[in-house]
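Thanks for asking me to look over this model. Here are my notes, written as numbered points so that you can follow along with the structure open beside you.

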Amino acid sequence: MLQVPHREKANGAAGKDKAIILVGGPSRGTRFRPLSLDVPKPLFDVAGHPIIWHCLTAIAKVPSIQEVCMIGYYDESVFKDFIKEAASEFPNLSIKYLREYQALGTAGGLYHFRDAILKGRPERLFVLNSDVCCSFPLNDMAKLFDDKDAEAVILGTRVSQDAATNFGCIVSDQHSRRVLHYVEKPESQISNLINCGVYLFSSDAIFPSIRTAIKRRTDRPRLVSYPSSENLESSFMADEDEERKNEVIRLEQDILSDLADSKQFFVHETKDFWRQIKTAGSAVPANALYLQQAQQSDSSELAKPSPNIIAPVFIHPSAQIDPTAKLGPNVSIGPRAVIGAGARVKEAIVLEDAEIKHDACVLYSIVGWNSRVGAWARVEGTPTPVTSHSTSIVKNGVKVQSITILGKECGVGDEVRVQNCVCLPFKELKRDVANEVIM
Amino acid sequence: MKALILVGGFGTRLRPLTLTMPKPLVEFANKPMILHQIEALAAVGVTDVVLAVNYRPEIMERVLKEYEDQLGLKIHFSLEPEPLGTAGPLKLAEEILAKDNSPFFVLNSDVTCEFPFKQLVDFHKAHGDEGTIVVTKVEEPSKYGVIVHKPNHPSRIDRFVEKPVEFVGNRINAGLYILNPSVLNRIEKNRPTSIEQETFPAIVRDGQLHSFDLEGFWMDVGQPKDFLTGTCLYLSSLAKKSPQLLVSPSESYVHGGNVMVDETAKIGKNCRIGPNVVIGKGCVVGDGVRLQRCTLLPGSKVKDHAWIKSTIVGWNSSVGKWARLENVTVLGDDVTIGDEIYVNGGSILPHKSIKANVDIPAIIM
């Protein structure tokens, strides 16, 4: 059972809150291939910065947070440089990486590291999944938490009815904003208010709740869905033994619906942008949204708009852009990338050391590290509606990736056209290709 | 001498171009298609050209009028009251074709080649029989009607074999003939008649029909794909015979040769143009444009950094920056292709504005 929270009324004191970023591990995030073959997803650059940098930026705006724990099962060396750089960029934050030696699930990982997390007696924990792109309105969540004297606050957003069942769905009381019911990826439509993967928990509430879930797990197998007469047998986890052995406990499946039974679980509905970063192609909309956010906040990092720069555009200072090339909107150009005369880049990410030759055209695409796009070549994806949460589209009856992705050190020949393709590293494309994955 | 050109109907195979312009006036290598033939006829002393048409082409009459004086010949329009096949129009124009005893030419208007009419006349007169068919050798004769000669005779035709299953020869009817006026006596008045299936076999039975081997290229350019191929062949031929009509290969933008540019056209900086490109009167090509195997019809505009291959850009059309057109795309009159748009094998009807990619071949109404 949950414990009744005993905590002081919020006073905004520094150190009162802690932030946890769930970064996952190399065996997760396979959908981010081929880009995650070369860089761990949390460190992939969108809008000129690693995905987790955007989380840290939001965290740094919450005065009560001094400490950030990244939890995942990547090797420690993976985040060493990032943490070092972040330490100088975010001097008010102390950033640690806590490594799981096996995947424990999002809640299992929290519980495993509870001593480290609770060190310094934080009252509240912000928990951020690193694979979402959003404005992370953490202060708004904290305010709701205080106003409602909550035990937990979840960030929610509205999506289309069709898309909602791909996410955790929240049923809330419109007036009180209390969470009445939570179900992960329901089969039927329950609500179009979905879980953004960002939470604020009272320390006193979350750990007992996870403990309860673990205890229940050892007592009886977990139901994955409400059994109906047809699926009564199959509704129990098939790999139940393995699950139990691994102690995989996930916030979404195992904890949130329990919390909904408590009276003190609330949802903050964000009207800002929100997108999952699951597939590699979703880096393009994420890049666009973070660039637009930077543009709205008049970030000095962005390139100055001009007839050939359609804002927002991020150009790394070491990149070389021919003045006759036209970039934007929603373009990021990485370090030492070279963009030739009369080239066109729109809705795209061009990574480190890549080269786009003269008169080439790159649209809705990601050009991988060290890749080369030849003169008059055309590398093209397909625009998806701004409200879409999917990165695949159906073309001529076939499901294809909307974003074209060139992995590391790929080459596209002069005048060659590549459309809706995903190209694994070190491939040379000498002929036109469309709607393919190129191994 | 006299000639009849079988123009026929609306040229639907060359739509969307022929929605705006009668087919004979569509510019092939910067010159109305039919003018290539009329000029070649004038060069061998033809004084009367009959255009056999089955609709009233006022615009054609107006345009061709100005060439009459220039070329020193008379252009007659012969309007079929009803379709008369390929032989009927000859009978209909009997008054002109039989006004003297000299032989007359008959040409299909869709054919392009080097028009060796002088040699044809000499050959025809040398054998002295009623008719001569120009033939061309093809790789796959099974798709055509093949001509078979009399045994032990190099030119007298023995028979025609339509779409032969077994190899009987590789010479096919090239759609160009020279005939004596006596042939007209073999054609009935006002009855639709096929010259290939009725008139010629009758002449063959009398041993009066010969074939003349065409040197060089030959192409029926009645549809867009063949129009582009025919342009390649024509430009290649020009490169050998009249290179002064092409842009010099030493010009910086020329790539692979066979580039014809009207003197009023403007070409931007850092373009790569060729091989096999025709740029028409008043066309404007921007900077960094890549063109190959394409025809820009008069008044069209290609903006900076566009890439065009195997495409006919219609009159007054505009192709946007970084657009890419390929795979037998045909833009009708006054079509606008937006910036960064891709068109794969699109047939775009006149006055359309294209703002989304055409990924697979389609007709855009």
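Which residues in α1(A) meet residues in α2(A)?

1. A:I52, A:W53 and A:L56 are the α1(A) residues, and they meet A:F79, A:F82, A:A86 and A:E89 in α2(A); contact here means heavy atoms within 4.5 Å. By class, this contact has 6 nonpolar residues, no polar ones and 1 charged. Ala, Val, Leu, Ile, Met, Phe, Trp, Tyr, Cys and Pro count as nonpolar, Asp, Glu, Lys and Arg as charged, and the others, Gly among them, as polar.

2. **How to read the model.** This is a predicted model, in which local features need pLDDT of at least 70 and side-chain atom pairs count only at pLDDT 80 or more, while totals for chains, interfaces and linings use all residues. Residues are numbered from 1 along each chain as its sequence is written, chains are lettered from A and ligands numbered from 1 in the order in which they are written, and side-chain values use heavy atoms, with hydrogens and water left out.

3. **Geometry of that pair.** Helix α1 covers residues 51-59 of chain A and helix α2 residues 76-89; their axes come within 12 Å and cross at roughly 30°. That makes α1(A) roughly parallel to α2(A), since angles under 35 degrees count as roughly parallel, over 145 as roughly antiparallel, 65 to 115 as roughly perpendicular and the rest as oblique. Axes are lines fitted to C-alpha atoms, for helices over the stretch in contact, and angles run from 0 to 180 degrees between N-to-C directions. Helices (H or I, at least four residues) and strands (E, at least two) are DSSP runs, numbered from the N terminus.

4. On the α7(A) side the contact includes A:I206, A:I210 and A:R217, and on the α9(A) side it includes A:L251, A:I255 and A:L259. The class count for this contact is 6 nonpolar, 1 polar and 4 charged residues.

5. **Domains of chain A.** Domain 1 takes in 17-222 + 247-276, and domain 2 takes in 302-434; these bounds come from an automatic or database domain assignment. Their C-alpha centres lie 32 Å apart. Domain 1 gives 14 residues to the contact and domain 2 gives 16.

6. **Record annotations.** An unreviewed UniProt entry lists "domain: Mannose-1-phosphate guanyltransferase C-terminal" for residues 309-436 of chain A. UniProt positions are given in the numbering used here, feature names are shortened, and annotations may be inferred rather than shown by experiment. That span of chain A is 0% helix and 43% strand, with its end C-alpha atoms 31 Å apart. For chain B, an unreviewed entry gives this feature name to residues 257-364; here the values are 0% helix and 45% strand, with the end C-alpha atoms 33 Å apart.

7. **Backbone details worth a look.** In chain A, the peptide bond from A:R33 to A:P34 is cis, with omega near 5°, and A:P34 sits in the loop between β1 (17-24) and β2 (45-46). In chain B, the bond from B:R15 to B:P16 is cis, with omega near 10°. A:E347, a residue other than glycine, has a positive phi near 45° and belongs to strand β19 (residues 344-350) of chain A.
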